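Subject: Structure handover

Hello,

Here is the structure I promised you. Please open it next to this email and follow along.

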Amino acid sequence: MPRITPNLWFDGQALDAAEYYATVFPHSRITDVSRLGDGGPVLTVSFELDGQPFLGLNGGPQFTFTEAVSFVIDCADQAEVDRYWNELTSGGGAEGRCGWLTDRFGLSWQVVPRALVELLTDPDPRRAGAAGAALQGMSRIDVAELRAAAVAAV
């Protein structure tokens, strides 16, 4: 089956972004840097984030990232949520709502704890609804708060 590689369009920051992301995510690395001419500016950067291939293209200012495309980070627990949230919002990133954020390069991420799906799909609609209502008021998702809201609903 063919491998699908996300291509991320940057305005001169592809190498900076790839180097940064490789420090944020485990099992990540830069695999290739192509330049225009010998020693010229970077055209593309091939990199892997936790084994997933990406291509960064320095295409210029014509296109920018929007929240219409985002990457979901599946977090095992609150500690992972906090680590990714703090790292990706640092240095100019911006918090969004319900676990969404935009990093310093303008790329959107969803930092999602596995417990969120469990809470939102609770068989008791009161508990699920309370967890969903609590989520609406959050930027960074707080699992303990979601659980407390669900428990208080019964």
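Is Phe71 buried or exposed? Phe71 counts as buried, because its relative accessibility is 17% and the cut-off for buried is under 20%. Keep in mind that this is a predicted model.

**Aromatic rings**

Stay with Phe71 for a moment. Its ring pairs with the ring of Trp109, with the centres 5.6 Å apart. The planes meet at 45°, so this pair is tilted. Phe71 sits in strand β5, while Trp109 sits in strand β8 (residues 108-113). The pair therefore ties together parts that are 38 residues apart in sequence. Trp109 is buried too, with a relative accessible area of 4%.

How many aromatic pairs does a search of the whole structure find? The search gives 12. One of them is Trp9 with Phe63, and this pair is edge-to-face. The centres are 4.9 Å apart, and the angle between the planes is 90°. This pair links distant parts of the chain. Trp9 belongs to strand β1 (residues 7-10), and Phe63 to the loop between β4 and β5, 54 residues apart. Trp9 is partly exposed, at 27% relative accessible area. Phe63 is exposed, at 54%.

There is also an aromatic cluster. Its members include Phe10, Tyr20, Phe47, Phe71, Tyr84 and Trp109.

The charged end of Arg83 sits over the ring of Tyr84, 4.2 Å from the ring centre. The charged end of Arg104 sits over the ring of Tyr20, at 3.9 Å from the centre.

**Hairpins**

Strands of a sheet pair through backbone hydrogen bonds, and they can run parallel or antiparallel. Here β2 (residues 29-35) and β3 (residues 42-49) run antiparallel, joined by six bridges. Within this pairing, Val33 stands opposite Val45 in β3. The two strands form a hairpin with six residues between them. Gly37, in the turn, has a positive phi of about 75°.

β3 also runs antiparallel to β4 (residues 52-58), again over six bridges. Thr44 faces Leu57 in β4. How many residues lie between β3 and β4 in their hairpin? There are two, and Asp50 in the turn has a positive phi of about 50°.

**The four-stranded sheet**

Next comes an open sheet of four strands, in the order β5-β8-β7-β6. Its pairing is mixed. Which strands are at the edges? They are β5 (70-75) and β6 (94-95), and each pairs on one side only. β6 runs antiparallel to β7 (residues 100-102), with two bridges between them. Ala94 has Thr102 in β7 as its bridge partner.

**Thr89**

Last stop: Thr89, in helix α2 (residues 78-89). Thr89 counts as buried because its relative accessibility is 17%, and buried means under 20%. A polar atom of the Thr89 side chain lies 2.7 Å from the backbone oxygen of Trp85. Leaving aside residues up to four places away in sequence, Thr89 touches Ala94, Glu95 and Leu101.

Best wishes

Key
Residues numbered from 1 in each chain as written. Predicted model: local features only at pLDDT ≥ 70, side-chain atom pairs only at ≥ 80, totals over all residues. Heavy atoms only, no water. Buried < 20%, exposed > 50% of the residue type's maximum accessible area, 1.4 Å probe, protein only. Polar contact = N/O pair within 3.5 Å; in protein donor to acceptor, adjacent residues only side chain to side chain. Contact = heavy atoms within 4.5 Å. Pairing = 2+ DSSP bridges. Phe/Tyr/Trp six-rings, centres within 6.5 Å; stacked < 30°, edge-to-face > 60°. Lys NZ or Arg CZ within 6 Å of the ring centre and 35° of its normal.
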